[in-house]
Amino acid sequence: TTLPLHVPFAPFSRSEKLGRIADFTRSFANANPSNRPSSGKPGAASSESPFDFSLDLDTFPLANPEDDSSFRLVDAKPPTRPKFGPKWRFNQHRPQLPQRRDEEVEARKREAEKERARRDRLYNLNRSNQNQQRREAAIFKSSVDIQPEWNMLDQIPFSTFSKLSFSVPEPEDLLLCGALEYYDRSFDRITPKNERRLERFKNRNFFKVTTTDDPVIRRLANEDKATVFATDTILATLMCAPRSVYSWDIVIQRVGNKLFFDKRDGSQLDLLSVHETSQEPLPEAKDDINSAYSLSVEAAYINQNFSQQVLVRDGNKVSFDEPNPFANEGDEVASVAYRYRRWKLDNDMYLIARCEVQSVVEVNNQKSFLTLNALNEFDPKYSGVDWRQKLETQRGAVLATELKNNANKLAKWTAQSILASADLMKLGYVSRVHPRDHFNHVILGVVGYKPRDFAAQINLNTANMWGIVKSIVDLCMKLNEGKYVLVKDPSKPQVRIYEVPADAFENDYVEEPLPEEEQVQPPAEDTEAGEPNGTTNDVEAKETETQT
């Protein structure tokens, strides 16, 4: 066959491998005609090309050098990626071999997982540091001023309390004093839509008497009925110590072979903490209505009035062996019964505690004891839950928020109900009429729980509670005779035991007078009949001073 004229041809065999027909991926640094290879004629090709031929301009008039000015190279650069948008979703990969592409995808996945884990660690670390700083923003003070002459004997971290366990047999009732009024069941049907105004009971006397000022405990101690004496408030404080954040203190007196757990006059144990375990810091100014001190006074004031308003006030009462041991004849006394109970801690060690119940209800011709307490809402922006909107439809969420913000207070109420063997504990939800009005309140609802069921719900272990008490009692029984104070550290989860002089805490009001707005009526001197100190309603007095 004859080949056409002027057509280049390169001979090859079938065993040879052919190269690219056309390579569009090659890029030239400069497309100027000056960089083209020159071979004497304008249209000459490179000498390296297998198609080494020359074009005759007379034969091919289109191959004019002047037409090179209109020649442009195709841009082979990849398209620019947008600065914003999910890069991981629209990545454009260059074509690669299948196995290499799979390896690269796996490597990128591993790198993404590492990066995600690193971001999560940094986020959690920053969040925990932020919460810690927010709690440390409010500087907590010690509940009692540590004097330089006090001798610190021991320091116990709360971490050791979590491992303790001790089981006690059922207690025995030694004496019941006081009188109880019946619970009004109509309060169980209260909702935020038919709220009731919280009344004030200024004429009723409430008593917060410490252990050694109790004439009944003095009598039982003289009769050698036990070796350890306390009240339910003090025992509940010890039992729930690992949940506490604010500082508290308990006075311990070792007299002979007996041990007395007391509280100081005007102690924080008489008040109720609010938002103690919350991460939201409260205002530090003491005169602010939302400060920790103002809220604790308000909460104690609410609890006293709530416990008397939910009763059937028809004069029908359930009386017990003896009348109220702290009331004078003719006084109008709040509905309360004192159960003096004894627990066996060891073969020769017994504990007697005064426990309180506030009401009674008759179920199937049997009388059941009740404890009455109230949670109070002061400002929804602190808790994040508005009771008026959530209480009726999401009561569980409201209770969960309170368990988070007031874990110690709810645990202490539950422990006191278990100590008193109350059949039911009633929790009231009381809110301010307006967030800036801390004098007027309304009852939004009342819910009842069985103490042991509620303890299981809030993860309160009875054996662990008694283990804490037993360990502290064993520690104090090894001490010499004298006076000691157990103080919760204001900034660390631990308690310290100090040895103090015998006359400590007896002249607090004389040595360090309180400011006028905090002053309480001074305690009366003990009479021969054993009348206790501080039998007036301290919380009512504090509230009156605050209002003025």
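This note goes through a predicted model point by point, from its sheet and cores to a few single residues.

1. Basis of the note. The structure is a predicted model, in which local features need pLDDT of at least 70 and side-chain atom pairs count only at pLDDT 80 or more, while totals for chains, interfaces and linings use all residues. Residues are numbered from 1 along each chain as its sequence is written, and side-chain values use heavy atoms, with hydrogens and water left out.

2. The sheet. Ten strands form an open sheet with mixed pairing, in the order S1-S15-S14-S5-S6-S4-S9-S8-S2-S7. Strands here are DSSP runs (E, at least two residues), as helices are (H or I, at least four), and both are numbered from the N terminus; two strands pair if DSSP finds at least two bridges between them. Strand S1 (151-157) and strand S7 (317-319) are the edge strands, each pairing on one side only. From one strand to the next, the twist averages 20°, where axes are lines fitted to C-alpha atoms and angles run from 0 to 180 degrees between N-to-C directions.

3. One strand pair. Strands of a sheet pair through backbone hydrogen bonds, either parallel or antiparallel. S1 and strand S15 (residues 494-500) pair in the antiparallel sense, over six bridges, and Pro 157 has Gln 494 in S15 as its bridge partner.

4. The nonpolar cores. A nonpolar core is a set of buried Ala, Val, Leu, Ile, Met, Phe, Trp, Tyr and Cys residues joined through side-chain atoms within 4.5 Å. Buried means under 20% relative accessible area, exposed means over 50%, and partly exposed lies in between (1.4 Å probe, protein chains only). The largest core has 78 residues, and Phe 261 and Tyr 429 have the most contacts inside it. Helix H10 (residues 462-477) gives the largest share of this core, seven residues. A second, separate core of 18 residues includes Phe 207, Ala 221, Phe 260 and Ile 352.

5. Phe 261. Leaving out residues up to four places away in sequence, Phe 261 touches several residues, among them Thr 211, Val 228, Ile 234, Leu 238, Ile 472 and Val 473; contact means heavy atoms within 4.5 Å.

6. Helix H3 and Asp 232. Seven of the eight residues of H3 are buried, including Ile 234, Leu 235 and Leu 238. Asp 232 lies in this helix (residues 232-239). Asp 232 is buried yet has no salt bridge, and the nearest side chain of opposite charge, Arg 354, is 5.6 Å away. A salt bridge needs a side-chain nitrogen of Lys or Arg within 4 Å of a carboxyl oxygen of Asp or Glu; Lys and Arg count as positive and Asp and Glu as negative, with His and the chain ends not counted. Beyond its neighbours within four places in sequence, Asp 232 is in contact with Arg 354, Cys 355, Glu 356, Gln 416 and Leu 419.

7. Gln 308. This residue belongs to helix H4 (residues 292-309), and Gln 308 counts as buried because its relative accessible area is 1%. Gln 308 and Ala 334 are 26 residues apart in sequence, and their C-alpha atoms are 7.0 Å apart in space.

8. Two positive phi values. Ser 421, in the loop between helix H8 (407-419) and strand S12 (424-434), has a positive phi of about 55° although it is not a glycine. Asn 459, in the loop between helix H9 (451-457) and H10, has a positive phi near 60°. Ser 421 counts as partly exposed because its relative accessibility is 30%, whereas Asn 459 is exposed, with a relative accessible area of 63%.
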